[in-house]
Amino acid sequence: MALEHPGCTLEFKYVQQLVLSSQEAKKTAYCPYSHFPVGAAVLTTSGRIFSGCNIENACYPLGICAERTAIQKAISEGYKDFRAIAIASDLQDDFISPCGACRQVMREFGTNWDVYMTKPDGTYVVRTVQELLPASFGPEDLQKIQ
(Lines give C-alpha, C1' and ligand atoms only; values in the text may rest on other atoms or scores of the structure.)
Protein backbone atom coordinates (compact mmCIF):
# COMPACT_ATOMS: atom_id res chain seq x y z
CA MET A 1 0.00 0.00 0.00
CA ALA A 2 1.36 3.34 -1.01
CA LEU A 3 1.13 6.42 1.10
CA GLU A 4 0.97 8.84 -1.79
CA HIS A 5 2.19 12.38 -1.92
CA PRO A 6 -0.19 14.81 -3.65
CA GLY A 7 2.44 15.98 -6.14
CA CYS A 8 3.51 12.49 -7.18
CA THR A 9 3.23 12.01 -10.94
CA LEU A 10 5.23 8.83 -11.53
CA GLU A 11 3.34 5.99 -13.20
CA PHE A 12 2.71 3.00 -10.93
CA LYS A 13 4.71 0.63 -13.19
CA TYR A 14 7.80 2.79 -12.66
CA VAL A 15 7.20 2.96 -8.93
CA GLN A 16 7.00 -0.84 -8.78
CA GLN A 17 10.18 -1.21 -10.85
CA LEU A 18 12.04 1.30 -8.70
CA VAL A 19 10.97 -0.26 -5.41
CA LEU A 20 11.85 -3.78 -6.62
CA SER A 21 15.19 -2.60 -8.02
CA SER A 22 16.08 -0.91 -4.73
CA GLN A 23 15.15 -4.06 -2.79
CA GLU A 24 17.30 -6.18 -5.11
CA ALA A 25 20.23 -3.78 -4.80
CA LYS A 26 20.01 -4.01 -1.01
CA LYS A 27 20.89 -7.72 -1.28
CA THR A 28 24.39 -6.84 -2.50
CA ALA A 29 25.15 -4.27 0.19
CA TYR A 30 28.59 -4.55 1.76
CA CYS A 31 27.97 -3.57 5.37
CA PRO A 32 30.13 -5.70 7.69
CA TYR A 33 30.37 -2.90 10.29
CA SER A 34 26.87 -1.45 10.58
CA HIS A 35 24.98 -4.55 9.45
CA PHE A 36 22.49 -2.08 7.93
CA PRO A 37 21.98 -2.94 4.25
CA VAL A 38 20.50 -0.27 2.01
CA GLY A 39 19.61 -0.35 -1.67
CA ALA A 40 18.59 2.42 -4.03
CA ALA A 41 17.38 2.73 -7.60
CA VAL A 42 17.26 5.96 -9.58
CA LEU A 43 15.04 6.54 -12.63
CA THR A 44 16.35 8.84 -15.35
CA THR A 45 14.09 11.07 -17.43
CA SER A 46 14.80 8.75 -20.37
CA GLY A 47 13.45 5.74 -18.46
CA ARG A 48 16.71 4.02 -17.46
CA ILE A 49 17.05 2.63 -13.95
CA PHE A 50 20.38 2.49 -12.16
CA SER A 51 20.69 0.73 -8.82
CA GLY A 52 23.24 0.80 -6.05
CA CYS A 53 23.91 -0.40 -2.52
CA ASN A 54 25.78 0.94 0.46
CA ILE A 55 29.45 -0.02 0.54
CA GLU A 56 31.27 0.33 3.86
CA ASN A 57 34.98 0.56 4.50
CA ALA A 58 37.14 -0.16 7.55
CA CYS A 59 38.09 3.52 7.30
CA TYR A 60 34.51 4.56 8.04
CA PRO A 61 34.39 7.94 6.24
CA LEU A 62 35.28 6.24 2.96
CA GLY A 63 32.03 4.26 2.82
CA ILE A 64 29.30 5.33 0.43
CA CYS A 65 25.53 5.25 0.70
CA ALA A 66 23.28 3.37 -1.70
CA GLU A 67 21.68 6.55 -3.04
CA ARG A 68 25.01 8.06 -4.02
CA THR A 69 26.16 4.77 -5.54
CA ALA A 70 23.07 4.65 -7.79
CA ILE A 71 23.34 8.31 -8.77
CA GLN A 72 27.07 8.04 -9.49
CA LYS A 73 26.50 4.95 -11.64
CA ALA A 74 23.97 6.90 -13.68
CA ILE A 75 26.29 9.91 -13.98
CA SER A 76 29.19 7.69 -15.06
CA GLU A 77 26.99 6.35 -17.87
CA GLY A 78 26.09 9.84 -19.08
CA TYR A 79 22.74 10.41 -17.32
CA LYS A 80 22.15 13.42 -15.09
CA ASP A 81 18.42 14.12 -15.37
CA PHE A 82 16.32 12.19 -12.86
CA ARG A 83 12.61 11.60 -12.26
CA ALA A 84 12.75 9.60 -9.03
CA ILE A 85 14.77 7.48 -6.64
CA ALA A 86 13.61 4.64 -4.37
CA ILE A 87 15.42 3.61 -1.20
CA ALA A 88 15.11 0.25 0.57
CA SER A 89 16.30 -1.09 3.92
CA ASP A 90 15.33 -3.72 6.48
CA LEU A 91 13.62 -1.20 8.78
CA GLN A 92 10.23 -2.67 9.62
CA ASP A 93 8.54 0.18 11.48
CA ASP A 94 9.95 3.23 9.70
CA PHE A 95 10.38 4.38 6.13
CA ILE A 96 14.07 4.64 5.22
CA SER A 97 15.13 8.24 4.78
CA PRO A 98 18.23 9.51 2.95
CA CYS A 99 21.04 11.03 5.00
CA GLY A 100 22.00 14.68 4.64
CA ALA A 101 24.91 13.99 2.30
CA CYS A 102 22.67 12.00 -0.03
CA ARG A 103 20.05 14.74 0.02
CA GLN A 104 22.70 17.25 -1.05
CA VAL A 105 23.92 14.98 -3.87
CA MET A 106 20.30 14.58 -5.04
CA ARG A 107 19.93 18.36 -4.88
CA GLU A 108 22.87 18.77 -7.26
CA PHE A 109 20.59 17.39 -9.97
CA GLY A 110 17.47 19.39 -9.20
CA THR A 111 14.83 19.87 -6.55
CA ASN A 112 11.69 18.74 -8.35
CA TRP A 113 12.08 14.98 -8.45
CA ASP A 114 10.61 12.31 -6.21
CA VAL A 115 12.18 10.30 -3.40
CA TYR A 116 10.36 7.06 -2.53
CA MET A 117 11.22 6.03 1.01
CA THR A 118 10.15 2.41 1.50
CA LYS A 119 9.61 -0.39 3.97
CA PRO A 120 10.39 -4.07 3.24
CA ASP A 121 6.71 -4.80 2.56
CA GLY A 122 6.79 -2.40 -0.41
CA THR A 123 4.88 0.46 1.19
CA TYR A 124 6.37 3.90 0.70
CA VAL A 125 6.06 7.59 1.29
CA VAL A 126 7.04 10.12 -1.36
CA ARG A 127 8.67 13.50 -0.96
CA THR A 128 10.40 15.74 -3.44
CA VAL A 129 14.05 16.61 -3.06
CA GLN A 130 12.88 20.15 -2.29
CA GLU A 131 10.76 18.89 0.61
CA LEU A 132 13.64 16.85 2.01
CA LEU A 133 16.17 19.67 1.67
CA PRO A 134 14.40 23.05 1.82
CA ALA A 135 16.33 26.30 1.42
CA SER A 136 19.13 24.31 -0.17
CA PHE A 137 22.38 25.31 -1.85
CA GLY A 138 22.80 24.23 -5.46
CA PRO A 139 24.85 24.78 -8.62
CA GLU A 140 22.93 27.94 -9.53
CA ASP A 141 24.04 29.55 -6.27
CA LEU A 142 27.66 29.46 -7.44
CA GLN A 143 26.69 31.70 -10.36
CA LYS A 144 25.56 34.45 -8.01
CA ILE A 145 29.11 35.50 -7.15
CA GLN A 146 30.47 35.84 -10.67
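This briefing covers aromatic contacts, a surface patch and charged pairs in one structure. The model is predicted. A search of the whole structure finds five salt bridges, and the count of aromatic pairs also comes to five.

**Nonpolar surface patch**

- Tyr30, Tyr33, Ile55 and Tyr60 make a nonpolar surface patch of about 440 Å².
- Isoleucine 55 belongs to the loop between strand 3 (49-53) and helix 2 (66-76). Its relative accessible area is 37%, so isoleucine 55 is partly exposed.
- Tyrosine 33 is also a member of the patch and is partly exposed, with a relative accessible area of 37%.
- Tyrosine 60, another patch member, is exposed at a relative accessible area of 61%.

**Aromatic pairs**

- Five aromatic pairs are counted. One of them joins tyrosine 33 and tyrosine 60, with 5.7 Å centre to centre and 50° between the planes, a tilted arrangement.
- Tyrosine 33 lies in the loop between helix 1 (12-26) and strand 2 (38-44), and tyrosine 60 in the loop between strand 3 and helix 2, so this pair ties together parts that are 27 residues apart in sequence.
- The rings of phenylalanine 50 and tyrosine 79 have centres 5.4 Å apart and planes at 50°, so this pair is tilted. Phenylalanine 50 is in strand 3 and tyrosine 79 in the loop between helix 2 and strand 4 (82-89), and the pair links these distant parts of the chain across 29 residues.
- Phenylalanine 50 is buried, with a relative accessible area of 6%, whereas tyrosine 79 is partly exposed, with a relative accessible area of 23%.
- Phe82, Phe109 and Trp113 are linked by ring pairs into a cluster.

**Charges over rings**

- Lysine 13 places its charged end over the ring of tyrosine 14, 5.2 Å from the ring centre.
- The charged end of lysine 119 sits over the ring of phenylalanine 95, 4.6 Å from the ring centre.

**Salt bridges**

- Five salt bridges are found in the whole structure, including one between the side chains of glutamate 11 and arginine 83, at 3.4 Å from N to O.
- Glutamate 11 counts as partly exposed at 37% relative accessibility, and arginine 83 is partly exposed with a relative accessible area of 27%.
- Glutamate 140 and arginine 107 form a salt bridge in which the closest N and O atoms are 2.2 Å apart. This pair links distant parts of the chain, with glutamate 140 in helix 5 (residues 139-142) and arginine 107 in helix 3 (residues 100-108), 33 residues apart.
- Arginine 107 counts as buried at 5% relative accessibility, while glutamate 140 counts as partly exposed at 41%.
- A salt bridge also joins aspartate 141 to lysine 144, with the closest N and O atoms 2.8 Å apart. Aspartate 141 is buried, with a relative accessible area of 15%, and lysine 144 is exposed, with a relative accessible area of 63%.

Note on methods. Residues are numbered from 1 along each chain as its sequence is written. This is a predicted model: local features need pLDDT of at least 70, side-chain atom pairs count only at pLDDT 80 or more; totals for chains, interfaces and linings use all residues. Side-chain values use heavy atoms; hydrogens and water are left out. Patches are made of residues with over 30% relative accessible area and no salt bridge: like charges are joined within 9 Å, nonpolar side chains (Val, Leu, Ile, Met, Phe, Trp, Tyr) within 5 Å. Accessible areas come from the Shrake-Rupley method with a 1.4 Å probe; for residues, only the protein chains shown count as cover. A salt bridge is a side-chain nitrogen of Lys or Arg within 4 Å of a carboxyl oxygen of Asp or Glu. Helices (H or I, at least four residues) and strands (E, at least two) are DSSP runs, numbered from the N terminus. Buried means under 20% relative accessible area, exposed over 50%, partly exposed in between (1.4 Å probe, protein chains only). Rings of Phe, Tyr and Trp (its six-membered ring) pair if their centres lie within 6.5 Å; planes under 30 degrees apart count as stacked, over 60 as edge-to-face and the rest as tilted. A charge sits over a ring if NZ of Lys or CZ of Arg is within 6 Å of the ring centre and within 35 degrees of the ring normal.
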